[in-house]
Amino acid sequence: MTGTLITVAPTGAESSKAAVPALPVTIDELVATAKECEALGASIVHVHIRDDAGEPSLDQGRLRATVSALRQATDLIIQLSSGGAVTDPEAARLAVLDAGPEMASCTMGTVNFGDGVFMNRWDFIVDLHTRMQERGIVPEYEIFDLGQLTTLQRLLGKHGLPFGGHVHVDLVMGVPGGMPGTAAALVACEQAIRDLPAGTTFSATGIGRSTIPVMLASLSAGGHLRVGMEDTITYGKGQPVESNMQLVARAFGFAQLAQRPPLTTTEARELLGVPA
Ligand code: KMH
Ligand code: ZN
């Protein structure tokens, strides 16, 4: 087994700064967080941005400024979210690719998302995948439910491999409306991933209290880790997360225990087919 890819997802689109004061929402906060998480073993940063009021945003100028600031300050692989918030229109989500990230997320289907609906029509998925192929952006295929792996198989069969040729998926488990964050569900996904192109890799994240079971199951099954305050704002019972660094440090410790130490950013680029 290889070492462990650690992705940090520091902000997301769901929590408010008022409710979670430690959430990084400004560019300066995001860059400071990214630098510290890189030093602790993260190799990818999954980015959602906020506006001046701290609300989720897909503003093109701010996306570009964020990519540039992260690139200057870190060697992390910059992965922009094309998922945004459940209220974001498709055109704005497609335009995220114009900001020039190395990677972007690409969700494989519609899913109930708490009280909302995270819409991902087939034609929209094809559009995202094709534009990423054309622009040299490596996708991370986001999987919220088992059947979305079948959709990915169909996508690759009809529209070809992603830029770089390597397929990497992220299992987002425990969203109310999606698959549960359990070892059993993770193993079912790992079995289905065997039907994808040889060498396909996966990472996994468990929302809320499923974060630890999913981390342990993923490491055991040969998968990688995504952690961060996008997914987890409670460190343990009655204990709010203090910072993204606290979550990356825990993931680092688990990876060491599993004898799969974190990959460097250079190793992560090699694994994922992201140009240096
Ligand atoms: N915020 C969710 C609605 C992604 O980043 O691509 C979608 C999401 C997935 O977080
Ligand atoms: Zn996201």
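## Basis

Residues are numbered from 1 along each chain as its sequence is written, and chains are lettered from A and ligands numbered from 1 in the order in which they are written. Because the model is predicted, local features need pLDDT of at least 70 and side-chain atom pairs count only at pLDDT 80 or more, while totals for chains, interfaces and linings use all residues.

## The barrel

Eight strands form a closed barrel in the order β1-β2-β5-β6-β9-β10-β11-β12, with parallel pairing. Helices (H or I, at least four residues) and strands (E, at least two) are DSSP runs numbered from the N terminus, and two strands pair if DSSP finds at least two bridges between them. From one strand to the next the twist averages 30°; axes are lines fitted to C-alpha atoms, for helices over the stretch in contact, and angles run from 0 to 180 degrees between N-to-C directions.

A residue is buried if 20 or more other C-beta atoms, placed from the backbone, lie within 10 Å of its own. In a regular strand the side chains alternate between the two faces of the sheet. In β6, M103, S105 and T107 lie on one side, A104 and C106 on the other.

Strand β5 (residues 77-80) is joined to β6 in parallel by two bridges, and Q79 has M103 as its bridge partner. Five bridges join β6 to β9, also in parallel; here C106 is partnered by Y141.

β9 (residues 138-143) pairs in the parallel sense with β10 (residues 168-173) over three bridges, with Y141 opposite V169. Six bridges join β10 to β11 in parallel, and M173 stands opposite G206. The chain passes from β10 through helix α6 (residues 183-193) to β11 in a right-handed β-α-β crossover, meaning that, with the strands pointing away from the viewer, the path from the first strand over the helix to the second runs clockwise.

β11 and β12 pair in parallel over two bridges, A204 standing opposite L225. The β-α-β crossover from β11 through α7 to β12 is right-handed. Five of the six residues of β11 are buried, so β11 too is largely enclosed by the rest of the structure.

Notes. Buried ≥ 20, exposed ≤ 12 C-beta atoms within 10 Å, placed from the backbone.
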